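Hi,

Here is the structure I said I'd pass along.

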Amino acid sequence: MVEGSIIPFPAEAQVPKETAEQTKMGTEVVMVDGIPFPPQITASSSSPLSLLAHGITDIEIHFLQIKFTAIGVYLNPEDILPHLNNWKGKTGDELAQDDDFFDALITARADKFLRIVVIKEIKGSQYGVQVESAVRDRLAEADKYEDEEEAALDQVVEFFQSKYFKKDSVITFYFPATAAIAEIGFSTEGKESNCSKITVENGNVVEMLQKWYLGGSRGVSPTTISSIANSLSTHLCIPSPSP
């Protein structure tokens, strides 16, 4: 890499940093690095999903931290926890280092929603190339990269190709429990009423999209992975209500 160049969304994990200013009272928004996130989101599911975890993507150059996006992870804990019983009693630090835990989270049949807000402007084509590279590499390692996967990835790259990620633009990934698909959305400068969307229907590509953001030690945002681990560790320690 040329000295001083910037990779928009680093493939290699950086050392986690504490970045969130988290305040949540009633229905107030949660501030993630100065960016507001709603405490709940209703996707296509019947019940709202709660903001379970958050983080950022960033890179450090010459001791200067460059932040690119803020990330919110939305789940319904009641839906996800039954799939994670094997990890009851584990600390957040232990879960953050356990890729099997994150594999179980990814494969769990439960709604998952990612809300990603742009901090530093970039071209959509740059983001699309990062998605393509990360997903293709994971598919190739698993010997799952065939013509169908290539076509599905081309669809994602084309979706982002003509877009420009202004500050406060929003990217969303919705992974419904009912099907192995991903609904990807984009809205400029937070104008979510004017959101363009595509649906990715290739199950292998959908799995690797989840692994890019939720994939444990190889996830694109270590702060998000740490936040997920700490939050779910707390939930897993809460005793189940008596019948």
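T57 is buried, because its relative accessible area is 0% and the cut-off for that label is under 20%. Bear in mind that this is a predicted model. T57 sits in strand β4, which covers residues 49–61. Its side chain makes a polar contact with the side chain of T69, at 2.6 Å.

Now the sheet. Seven strands make up an open sheet, in the order β3-β4-β5-β6-β9-β10-β11, and the pairing is antiparallel. At the edges you'll find β3 (40–41) and β11 (196–200), each of which pairs on one side only. Helix α7 (residues 222–237) packs on this sheet and touches β4 and β5 (64–75). The direction of α7 makes about 150 degrees with that of β4.

What does β9 pair with? One partner is β6 (residues 112–118), antiparallel over six bridges. Within that pairing, I116 has I171 of β9 as its bridge partner, and L114 stands opposite F173 of β9. Another partner is β10 (residues 182–187), again antiparallel, this time over five bridges. There, the bridge partner of F173 is I184 in β10. If you trace the chain from β9 to β10, you get a hairpin with six residues between the two strands.

Helix α3 (residues 99–107) and helix α6 (residues 203–214) have axes that come within 10 Å and cross at roughly 135 degrees. The crossing of α3 past α6 is right-handed. On the α3 side, the residues that meet α6 are F102, D103 and I106. Their counterparts in α6 are E207, Q210, K211 and L214.

Cheers

Notes: Residues are numbered from 1 along each chain as its sequence is written. This is a predicted model: local features need pLDDT of at least 70, side-chain atom pairs count only at pLDDT 80 or more; totals for chains, interfaces and linings use all residues. Side-chain values use heavy atoms; hydrogens and water are left out. Two strands pair if DSSP finds at least two bridges between them. Helices (H or I, at least four residues) and strands (E, at least two) are DSSP runs, numbered from the N terminus. Buried means under 20% relative accessible area, exposed over 50%, partly exposed in between (1.4 Å probe, protein chains only). A polar contact is a pair of N or O atoms within 3.5 Å; within protein, one must be able to donate a hydrogen and the other to accept it, and residues adjacent in sequence count only if both atoms are side-chain atoms. Axes are lines fitted to C-alpha atoms, for helices over the stretch in contact, and angles run from 0 to 180 degrees between N-to-C directions. A crossing is left-handed if the near helix is turned anticlockwise from the far one by less than a right angle, and right-handed if clockwise. Contact means heavy atoms within 4.5 Å.
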